[in-house]
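This briefing is meant to be read with the sequence and the structure side by side. Please look up each residue as it comes, and follow the topics in the order in which they are set out.

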Amino acid sequence: MVSLARTIRSIRRVGLREWWHQMQYIGDAKSGRFVGKDQFGNRYFENLNPEEEIPGRHRWIDFAQHDYNATQVPPEWHSWLQHIRKDPPTEDPVMQNLSPPWKMPWVENLTGTRGAFKTYNTTRPKYEAWEPKSVPRG
């Protein structure tokens, strides 16, 4: 639902630099209220005006990293983005009082990176890999 008038209005609201950043990363020109920031530096926005945003697409995230994926969104922000919770974690008193002191900080999924979990096996393998042996010709 990108029109020329909506694009010009968005450039005026967020500025040319932020508009270009949005076009490169999310492919749409959006302007809205800044809701909060998580521990990774991701910024969360919301625009409740039904004339500017399609219902269901009025909450969005601006990832801090260039190479991003969905596991970089903490669970409390994920529940807000998916409309499971009405209020964002920065404004919801239940979410602010729910975080126990023993809770570990959220870590993204590191599969396929150097930080991925690898088991350490102490048992002897059932088969041995073949190692070629070179013998000089006679």
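In this predicted model, strand β2 (residues 43–46) and strand β3 run antiparallel and are joined by four bridges. Within this pairing, Y44 stands opposite I61 in β3.

**Strand β3**

- In a regular strand the side chains alternate between the two faces of the sheet.
- Strand β3 (residues 59–62) is covered on both faces, with R59 and I61 buried on one side and W60 and D62 buried on the other.

**The second largest pocket**

- The second largest pocket holds about 160 Å³ of space, and β3 gives the most to its lining, with four residues.
- Among the residues that line the second largest pocket are Y25, D28, R57, F63 and Y68, together with R59, W60, I61 and D62.

**The largest pocket**

- The largest pocket contains about 360 Å³ of space, and of the 16 residues that line it, Q39, E76, M95, S99 and K103 are the closest to its centre.
- The elements that contribute two or more residues to the lining of the largest pocket are α3 and α4.
- The lining of the largest pocket is made up of 10 nonpolar residues, three polar and three charged.

**The loop between α3 and α4**

- Most residues other than glycine have a negative phi.
- H83, which is placed in the loop between α3 and α4, has a positive phi of about 65° although it is not a glycine.
- Is H83 buried, exposed or partly exposed? With a relative accessibility of 39%, H83 counts as partly exposed.
- D92 also lies in the loop between α3 (75–81) and α4 (93–98), and because its relative accessible area is 7%, D92 is buried.
- When its neighbours within four places in sequence are left aside, D92 is in contact with R85 and D87.

**Helix α1**

- The buried residues of helix α1 (residues 4–14) are R6, T7 and S10. Seen down the axis of α1, these buried residues fall within an arc of 100°, so they line one face of the helix.
- The exposed residues L4, A5 and R12 are carried on the face of α1 that is turned away from its buried side.
- What covers the buried residues of α1 includes α2 (16–25).
- After α1 comes G15, whose phi is positive, near 95°.

Definitions and conventions. Residues are numbered from 1 along each chain as its sequence is written. This is a predicted model: local features need pLDDT of at least 70, side-chain atom pairs count only at pLDDT 80 or more; totals for chains, interfaces and linings use all residues. Side-chain values use heavy atoms; hydrogens and water are left out. Buried means under 20% relative accessible area, exposed over 50%, partly exposed in between (1.4 Å probe, protein chains only). Contact means heavy atoms within 4.5 Å. Two strands pair if DSSP finds at least two bridges between them. The arc is that of the directions from the helix axis to the C-beta atoms. On a 1 Å grid over the protein atoms alone, a cavity is a set of points where a 1.4 Å probe fits but cannot get out, and a pocket is an open set with protein on both sides within 12 Å along at least five of seven lines; lining residues have an atom within 4 Å of a point. Grid points are joined across faces, edges and corners, and a volume is the space filled by probe spheres set on the points. Ala, Val, Leu, Ile, Met, Phe, Trp, Tyr, Cys and Pro count as nonpolar, Asp, Glu, Lys and Arg as charged, and the others, Gly among them, as polar.
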